[in-house]
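These notebook entries record what I looked up on aromatic pairs and salt bridges.

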Amino acid sequence: MCGIVGIVGKSDVNLQLYDALTMLQHRGQDAAGILTCHNGRIAQQKANGLVKDVFRTRHMQRLIGHTGIGHVRYPTAGSSGPALAQPFYVNSPYGIALAHNGNLTNTADISEEIYRTDLRHINTDSDSEVLLNVFAQELLKIGKLKPEADDFFTAITKVHRRVRGGYACVSLVADYGLVAFRDPHGIRPLVFGKRDTDRGTEYMVASESVALDVLGYNLIRDVQPGEAVFISSQGELFTKQCAEAPELSPCIFEHVYFARPDSIMDGISVYKSRLRQGERLAAKILRENPNHDIDVVVPIPDSSRVAGQALAQALGVKFREGLVKNRYIGRTFIMPGQQQRKKSVRQKLNAIRLEFEGKNVMLVDDSIVRGTTCQQIIQMAREAGANKVYFASAAPAVKYPNVYGIDMPSAKELIAHDRTDEEVCAAIGADWLIYQDLEDLIAASAEGNDKVTHFDCSVFTGEYVTRDVDDAYLRRLDEARNDSSKSKRETDRGANAVVGLHNDDDSQSVM
């Protein structure tokens with residue numbers, strides 16, 4: 001999962017891109033990058049770290065231009081490192097940069113095809129670089145010195161035919177403008193909007209509407225599945241459907257965990273969907289245990305807070321912020337490696353004893369993935385004196401890997417895989433565990449927009465909307481991206497870093 005943004009403005013867009021990436025920081029904390037274009041010259045700054053750490057005044061002074069794109073990275077495909085920070089850039093044709101949110105499912109095949117047929121070189125193991133080269137090659141085949149909007153749309157049509165998976169992209173073509181596109185299933189989110197200034201109309205594309213809100217852009221709509229948007233350097237907007245059989249199937253885990261509650265996705269308020277998650281979960285609790293003895297509902301901050309409030313209200317019990325969060329620790333779900341996640345939970349949260357002591361506590365979380373976080377928080381609740389500790393998940397049991405850009409590559413690392421609910425309850429140490437029903441989760445989101453009739457729920461069902469994921473693919477994914485593989489890559493990377501130390505200016509480049 002990553003965050004992307006692109007802006008075509010009437011003045012330098014560097015500060016706008018910085019602010020937008022700050023608003024999308026929750027989508028990726030591994031690396032950040034900004035690339036701008038001014039009079040055909042491209043400037044770029046990218047490195048590992050948070051937005052506030054990657055960009056300094058000296059960098060912003062170099063990042064001039066009325067058109068630019070930005071990216072915050074959360075590693076899924078590929079390893080972690082400065083070379084994998086985005087945007088990626090190729091000089092032929094025209095000079096093209098691309099930032100990508102999602103994951104391709106046929107990366108290996110396309111990489112081989114790019115090498116043998118297109119005669120292009122891929123320098124990293126990132127599927128984003130593969131996607132950029134496919135787009136660049138399809139533009140090159142058109143062979144026009146000065147491409148127009150329809151030429152970009154033709155290239156995107158060919159991209160959709162060649163690649164599979166979940167992807168939302170923003171691409172800057174030097175001197176020509178901004179191209180944004182979304183996969184034919186609309187798995188990953190993408191919106192665009194505009195604002196009027198004294199100098200004219202400015203356009204912005206981003207992963208979430210909250211980035212537009214904060215910068216004063218008015219949301220036009222979501223980019224439709226398979227659709228491409230071209231905004232010329234002069235500020236002209238063009239859109240076209242480029243997929244042959246688009247079918248909207250957005251990732252429901254955006255509503256569960258990743259997206260900010262103040263975002264609108266595919267016409268659905270994330271905040272309201274989470275309220276409905278809590279209400280429906282409370283209804284299930286009352287069906288299964290009408291004489292419950294819950295004294296207090298405590299959310300695990302932050303993404304379960306909205307559902308927890310609705311759940312407590314529906315149950316008629318107290319809602320208390322019993323866990324205090326250290327906001328200087330990253331989101332534990334996206335921490336690389338199990339040991340790091342375990343360490344981060346204790347650093348991140350602390351229990352307020354008076355909210356737990358002698359009480360039957362219902363802890364609420366958005367989901368249970370590996371079980372690391374909830375297991376330790378349950379133990380914290382007991383150490384704080386809780387009489388009983390119940391656990392409610394606003395999502396169903398996560399049993400299958402995600403292949404579209406969320407870091408759930410290995411089924412055996414998922415605590416609910418091949419376990420019953422009772423076995424999971426015992427494993428995390430709860431007195432009682434209750435999951436949301438999938439039908440209720442879907443209804444909680446679908447109620448916001450009756451035109452969205454289908455969601456990607458593959459992590460709960462094992463059914464993949466692109467219909468190209470089989471057991472062999474999942475085995476390869478597991479071998480490449482499980483925690484053991486990540487740990488080895490981190491060790492190798494650390495050894496290489498000792499050999500080749502560099503200062504922070506090495507991460508900056510001007511082309």
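Are Tyr167 and Phe181 buried or exposed? I worked from a predicted model, and in it both Tyr167 and Phe181 are buried.

Entry on aromatic pairs. I noted a count of 13 aromatic pairs. Tyr167 and Phe181 make one of them, edge-to-face, with 6.2 Å centre to centre and 70 degrees between the planes. Tyr167 belongs to strand β7 (residues 165-173) and Phe181 to strand β8 (residues 177-182), so this pair ties together parts 14 residues apart in sequence.

I then looked up Phe230 and Phe238. Phe230 is buried at 5% relative accessible area, whereas Phe238 is partly exposed at 31%. I also recorded a cluster in which ring pairs link Tyr74, Phe253, Tyr257, Phe258 and Phe460.

Entry on salt bridges. I found 34 salt bridges in the structure. Asp118 and Arg162 form one, with their closest N and O atoms 2.9 Å apart. Asp118 sits in the loop between α4 (107-116) and α5 (127-142), and Arg162 in helix α6 (residues 149-162), 44 residues apart. Asp118 is buried at 10% relative accessibility, and Arg162 is buried at 13%.

Arg287 and Asp437 form another salt bridge, at 3.8 Å between the closest N and O atoms. The pair links helix α9 (residues 270-288) to the loop between β22 (432-435) and α14 (438-446), across 150 residues. Arg287 is exposed at 53%, and Asp437 is partly exposed at 27%.

Key. Residues are numbered from 1 along each chain as its sequence is written. This is a predicted model: local features need pLDDT of at least 70, side-chain atom pairs count only at pLDDT 80 or more; totals for chains, interfaces and linings use all residues. Side-chain values use heavy atoms; hydrogens and water are left out. Rings of Phe, Tyr and Trp (its six-membered ring) pair if their centres lie within 6.5 Å; planes under 30 degrees apart count as stacked, over 60 as edge-to-face and the rest as tilted. Helices (H or I, at least four residues) and strands (E, at least two) are DSSP runs, numbered from the N terminus. Buried means under 20% relative accessible area, exposed over 50%, partly exposed in between (1.4 Å probe, protein chains only). A salt bridge is a side-chain nitrogen of Lys or Arg within 4 Å of a carboxyl oxygen of Asp or Glu.
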